[in-house]
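This report takes up a structure with its nonpolar cores, helix packing and chain contacts in turn. Please read it beside the sequence and the model shown here.

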Amino acid sequence: MRAAQAGDRAAYSQLLREVTPFVRAMLRRHCSHRQDIEEMVQDTLLTLHRVRQTYDPSRPFSPWLGAIAARRGIDGLRRRSRVARHEISVEVESVETFADPTANSDIEDIRAAGEIEELLRRLPPRQREALEAVKLREMTLAEASKASGQSVGALKVNTHRALKALRALFREQ
Amino acid sequence: MQTDQIIEQLAAQLQPVRVLHSPAQRALLWLTLVGAVSAVLIVAYAQSSALQRMTTPRVALECLGTFLTAVTAIVAAFELSVPDRSSRWAWLPLPPLLLWLAASGAGCLRNGLSLHGPGGLAGESPHCFAFITAVSVPLAVVLFWMLRRARPMDPLPVAATGTLGVAATAAFILEFFHPFDVTVIDLALHLAAVGQIIVLGTALRRPLLAAS
C-alpha cells in the first residue's frame with residue numbers, strides 16, 4: 001500500500017488483486033446474494049482508491065481495509081433493503097390478473113421519465129453516456145465501447161459512478 | 001471479470017498521493033492556528049470586566065467546559081474522518097459539553113431565571129448570537145477544508161462533531177467579550193447559535209466534506 005501511495009501502479013494492481021478475495025469473504029458473512037456481494041466488493045475497491053491518502057503506513061493495513069469494506073457492506077445492505085421495500089416480486093402469469101393501466105399511471109410514468117431525464121442531464125457527459133448505453137439501451141459492453149469510444153473498463157467505472165451520482169441526486173430531491 | 005476490469009482501471013489511473021498526517025496531528029494544527037489568532041484578538045480587545053468575571057469559580061468552570069468541548073469535538077472530528085478509527089470517538093465531547101451546560105445552567109439559576117438585565121430580552125444577547133455565528137463560519141471553513149482531504153465515508157458524525165467544535169470555540173472566545181452573567185435568554189441564544197451551526201454544517205456535510 002505504501003508503494004501504491006507513491007504511485008507504483010504494478011504494486012497497486014497486485015495489492016487490489018490480493019485483497020479482493022479477503023474483502024469478498026468478509027462481505028459474504030453479511031450477505032448471501034452473489035451479485036450484491038460483487039457490487040459491494042467493487043464499491044469497496046473504489047472507496048479504497050478514493051481514500052488511499054488516509055492510510056497511515058505505520059499502522060496495520062487490515063483494520064483500515066476492513067473498516068472500508070464494513071462501511072460499504074452496510075451501505076450495500078441498506079440499498080438492498082430500500083430496493084426491496086419498493087419492489088414486489090411478481091410472477092409473469094399473475095400480471096394478467098391486474099386491471100388495465102389507468103390514465104393516471106401513464107401520466108405518472110411520463111412525469112417520472114421527465115424527472116429522470118432531468119437528473120441524467122446533470123451527470124458529467126462521459127458518465128451519462130456510459131449509463132445510457134449500458135443500462136438504458138441495454139447494449140453489451142463491447143457494443144457500448146464501440147459506440148462511445150470509451151474502453152470497457154472506463155465504461156464500467158463511469159456506469160458505477162453515474163449510478164452513485166444518480167442516487168445522490170435522488171436523495172437531494 | 002467485472003471486478004478485474006475495475007482493478008485494471010484503478011491501477012491505470014493511479015497517481016501518487018501525499019499521505020495525511022495522523023488525525024491527532026491535524027487536530028493539533030487546527031487548534032494551534034485558531035488558538036494563535038484568538039490569543040492575539042483576546043489580548044488586543046478582551047474586556048477587563050469579562051476577564052474579571054472569569055475569576056469566579058462558576059464562570060471559570062463554564063469556560064473550562066466550553067474550552068474542553070471545543071478541543072475534544074475537534075479531535076473527535078479528525079479521528080472520525082479516517083476509516084479505521086472507532087465510532088466511539090463521537091462521544092468524546094459529551095462530558096465537557098455536559099459540564100458547559102451544567103455550569104451555564106447554574107448561572108441562570110443563580111440569577112433567578114430572570115428575563116431582565118443585560119442578557120434579557122432587550123439586552124445584549126442578540127449580539128452573542130451574532131458573535132458565535134460570525135466567528136464559527138470562518139473557523140468552519142478552515143476545518144472543513146482540512147477534513148475534506150480525508151473524504152470521510154460517514155460524513156454525519158464528522159460534520160456534527162466538527163461543527164460542535166467550531167461553535168464551542170466561538171462560544172469560548174465570546175467569554176472574553178461577555179461582561180455580564182448568563183441569563184435564561186442569553187443561554188438560550190448561545191445554544192441556538194451553536195445549534196444552528198451544527199444543523200447547517202450537518203445539512204451541508206456531503207458537499208462540504210467531499211464525502212466518498
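## Nonpolar cores

Of the 73 residues in the largest nonpolar core, B:Ile74, B:Leu147 and B:Ala167 touch the most other members; such a core is a set of buried Ala, Val, Leu, Ile, Met, Phe, Trp, Tyr and Cys residues joined through C-beta atoms within 7 Å. The greatest contribution to this core, 11 residues, is made by helix 7 of chain B. Once residues up to four places away in sequence are left out, B:Ile74 touches B:Ala27, B:Trp30, B:Leu31 and B:Gly165, where contact requires that the C-beta atoms of two residues, placed from the backbone, lie within 7 Å. There is also a second, separate core of nine residues, with A:Leu123, A:Ala133, A:Leu141 and A:Leu155 among them.

## Basis of the model

The model is predicted, and local features need pLDDT of at least 70, while side-chain atom pairs count only at pLDDT 80 or more, and totals for chains, interfaces and linings use all residues. Residues are numbered from 1 along each chain as its sequence is written, and chains are lettered from A and ligands numbered from 1 in the order in which they are written.

## Chain B as a whole

Chain B has nine helices and zero strands, and along the sequence its pattern reads α-α-α-α-α-α-α-α-α; helices (H or I, at least four residues) and strands (E, at least two) are DSSP runs, numbered from the N terminus. The C-alpha trace of chain B spans about 75 × 30 × 25 Å along its principal axes. Of the 212 residues in chain B, 44% are buried, a residue being buried if 20 or more other C-beta atoms lie within 10 Å of its own, exposed if 12 or fewer, and partly exposed in between, with C-beta atoms placed from the backbone. Among the contacts in chain B with a separation of 6 or more, 86% are accounted for by residues 24 or more positions apart.

The axes of helix 7 (residues 155–174) and helix 8 (residues 184–203) of chain B come within 8 Å and cross at roughly 150°; axes are lines fitted to C-alpha atoms, for helices over the stretch in contact, and angles run from 0 to 180 degrees between N-to-C directions. On the helix 7 side of chain B, the residues that meet helix 8 of chain B include B:Leu156, B:Gly162 and B:Val166, and those they meet in helix 8 include B:His190, B:Ile197 and B:Thr202. By class, this contact between helix 7 and helix 8 of chain B has 11 nonpolar, five polar and no charged residues, with Ala, Val, Leu, Ile, Met, Phe, Trp, Tyr, Cys and Pro counted as nonpolar, Asp, Glu, Lys and Arg as charged, and the others, Gly among them, as polar.

B:Leu143 is found in helix 6 (residues 125–147) of chain B, and B:Leu143 counts as buried because 27 C-beta neighbours lie inside 10 Å. Leaving aside neighbours within four places in sequence, B:Leu143 is in contact with B:Trp30, B:Gly162 and B:Val166.

## Contact between the chains

In all, 34 residues of chain A are in contact with 26 residues of chain B. The elements giving two or more residues to the chain A side are helix 1 (2–5), helix 2 (9–28), helix 3 (34–50), helix 4 (61–86) and helix 8 (152–172) of chain A, and the largest share, seven residues, comes from helix 3 of chain A. By class, the side of chain A that touches chain B has 15 nonpolar, 10 polar and nine charged residues.

In helix 1 (residues 2–12) of chain B, B:Ile6, B:Ile7, B:Gln9, B:Leu10 and B:Ala11 are buried, and what covers these buried residues of helix 1 of chain B includes helix 2, helix 3 and helix 8 of chain A.
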